[in-house]
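Welcome, and thanks for taking a look at this one. Have the sequence and the 3D view at hand as you read the briefing.

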Amino acid sequence: MSTAPKIETVSVHAGLRTDPSTGAVAQPIHLSTTFERRPDGSLPDEYLYIREGNPNRRALETAVAALEGGGAAACFASGLASIDAVLRALPAASRVVAPRDIYHGTRVLLTEHHPSLQVRFVELSDLDAARRALAEPAALVLVETPSNPQLHITDIAGVVAAARRVGARVLVDNTWSTPVLQRPLELGADLVVHSSTKYFGGHSDVQGGVVVASHELTAETAVTDRQGLFGRIRAVQEQAGAAPAPFDCWLIRRGLQTLPCRMRAHEEGAAEVARALAEHPGVLKVLWPGLPSHPGHEVMKAQASGFGAMLSIRVRGGFDDASAVVGRCRLFKRATSLGGVESLIEHRAAIEGPETPTPPDLLRLSIGLEHPDDLVDDLLQALTG
Ligand code: PLP
């Protein structure tokens with residue numbers, strides 16, 4: 001009896017094949033912006049013009065759709081471009097429910113770039129609050145779990161059930177967990193987005209984003225509302241043109257091949273760092289859902305196979321003390337972003353500005369692939385001062 005291939009196998013092979021003309025095992029990078037027609041006007045393959053499609057983008061879209069257990073995917077030039085495409089695809093004046101704690105850039109996108117949308121920010125990790133917000137119709141619920149940067153955990157299936165009752169679609173930003181740890185489409189979500197700039201690329205050297213839809217876009221299903229939404233997202237990709245370059249697609253597709261191994265190693269490091277800091281007198285709180293004391297521990301344990309490698313700490317003192325800890329780090333890089341091989345530390349309130357809901361004493365850590373002992377040593381010396 002044949003079984004479905006496991007995620008490690010999908011990561012290595014989905015969307016790729018040996019190049020028939022050369023036998024190359026690694027996919028060639030196709031830089032051509034245009035594709036020649038045959039004398040009769042037909043095209044030899046599915047490609048016409050780069051904005052509409054390219055073999056490297058197609059390989060990446062096929063792979064991400066397979067990894068998320070989805071039917072189709074559309075890649076964009078950044079994570080925010082992919083979220084922007086979903087918002088553009090909504091009917092004008094749509095009501096959107098979004099988490100209170102959410103990636104700062106997504107909040108700016110929602111509040112400053114889509115004035116026709118009616119956005120309501122809600123504490124989605126509180127399922128009763130989510131249900132109350134969904135007592136009236138909405139077009140979309142945006143879920144980010146764990147949330148950035150406070151690591152609130154939202155019950156995806158619970159929000160899906162509440163959304164269904166009012167006909168709202170559910171979009172999950174799965175950047176922090178990746179499909180290795182969490183597969184929102186299996187929990188009923190309609191769409192998943194990623195910033196591929198993070199764990200998918202994995203090496204802090206490429207920017208990208210992707211939207212995955214639960215069902216394939218076919219002529220038969222395109223008439224349903226769900227497929228209508230993904231069809232509009234695909235149209236935004238092709239007609240507004242925030243599409244990724246072939247080399248970027250190639251790099252991200254290559255990054256995916258090691259994603260399952262990297263995620264496990266990242267998470268092991270995060271667990272060691274979280275446990276070491278949880279006991280430190282200079283740390284008020286460690287926000288990592290893998291700790292049994294985290295309020296979202298049980299929900300995440302039930303809906304994901306791991307807790308990820310992003311964590312935040314609240315430093316005793318306040319804004320200045322948190323800044324000073326960052327300044328004393330020697331191994332952690334003082335840089336924004338996440339998901340690369342090198343560990344990063346960032347004082348989020350300092351970069352999000354005075355209006356931010358992020359606590360002033362919060363430091364966000366992206367645990368890379370260095371030895372956890374070295375990371376713990378660096379943080380301990382930085383906290384000691
Ligand atoms: N979603 C999450 C959860 C993020 O953390 C980020 C960036 O940090 C983004 C989306 C935006 O991605 P990009 O920087 O690729 O536009």
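Predicted model: local features only at pLDDT ≥ 70, side-chain atom pairs only at ≥ 80, totals over all residues.

**Helix packing**
- Helix H10 (residues 259-278) packs against helix H14 (residues 372-384) at an angle of about 30 degrees, and their axes lie 9 Å apart.
- The crossing of H10 and H14 is right-handed.
- H10 brings Gly 269, Glu 272, Val 273, Ala 276 and Leu 277 to the contact, while the residues from H14 include Pro 372, Asp 373 and Leu 375.
- Sorted by class, this contact of H10 with H14 has nine nonpolar residues, one polar residue and two charged ones.

**The five-stranded sheet**
- Follow the strands in the order S8-S9-S12-S11-S10 and you have an open sheet with mixed pairing.
- Strand S8 (283-287) and strand S10 (333-334) are the edges, each pairing on one side only.
- Strands S11 (residues 344-347) and S12 (residues 362-366) run antiparallel and are joined by four bridges.
- In that pairing, His 347 stands opposite Leu 363 of S12.
- Helix H12 (residues 319-328) packs on the sheet, where it touches S9, S10, S11 and S12; its direction makes about 155 degrees with that of S11.

**A helix with buried residues**
- Helix H4 (residues 104-112) has Gly 105, Thr 106, Arg 107, Leu 109 and Leu 110 buried.
- Among the elements covering these buried residues of H4 are helix H3 (79-88) and the strands S2 (95-99), S3 (118-122) and S4 (140-144).

**Salt bridges across the chain**
- Glu 8 and Arg 264 form a salt bridge, with 2.9 Å between the closest N and O atoms.
- This pair links helix H1 (residues 7-13) to helix H10, at positions 256 residues apart.
- Glu 8 is partly exposed at 33% relative accessibility, and Arg 264 is partly exposed at 40%.
- Arg 234 meets Glu 61 in a salt bridge at 3.4 Å, N to O.
- Because Arg 234 lies in helix H8 (residues 225-240) and Glu 61 in helix H2 (residues 55-68), the pair ties together parts 173 residues apart in sequence.
- Arg 234 is buried at 16% relative accessible area, and Glu 61 is buried at 4%.
- Arg 95 and Glu 136 meet at 3.9 Å, N to O, in another salt bridge.
- Here strand S2 is linked to the loop between helix H5 (127-133) and S4, with the two residues 41 apart.
- Arg 95 is buried at 12%, whereas Glu 136 is partly exposed at 42%.

Notes: Residues numbered from 1 in each chain as written. Heavy atoms only, no water. Axes fitted to C-alpha atoms, helices over the stretch in contact; angles between N-to-C directions. Left-handed = near helix turned anticlockwise from the far one by under 90°. Contact = heavy atoms within 4.5 Å. Nonpolar A, V, L, I, M, F, W, Y, C, P; charged D, E, K, R; others polar. Pairing = 2+ DSSP bridges. Buried < 20%, exposed > 50% of the residue type's maximum accessible area, 1.4 Å probe, protein only. Salt bridge = Lys/Arg side-chain N within 4 Å of Asp/Glu carboxyl O.
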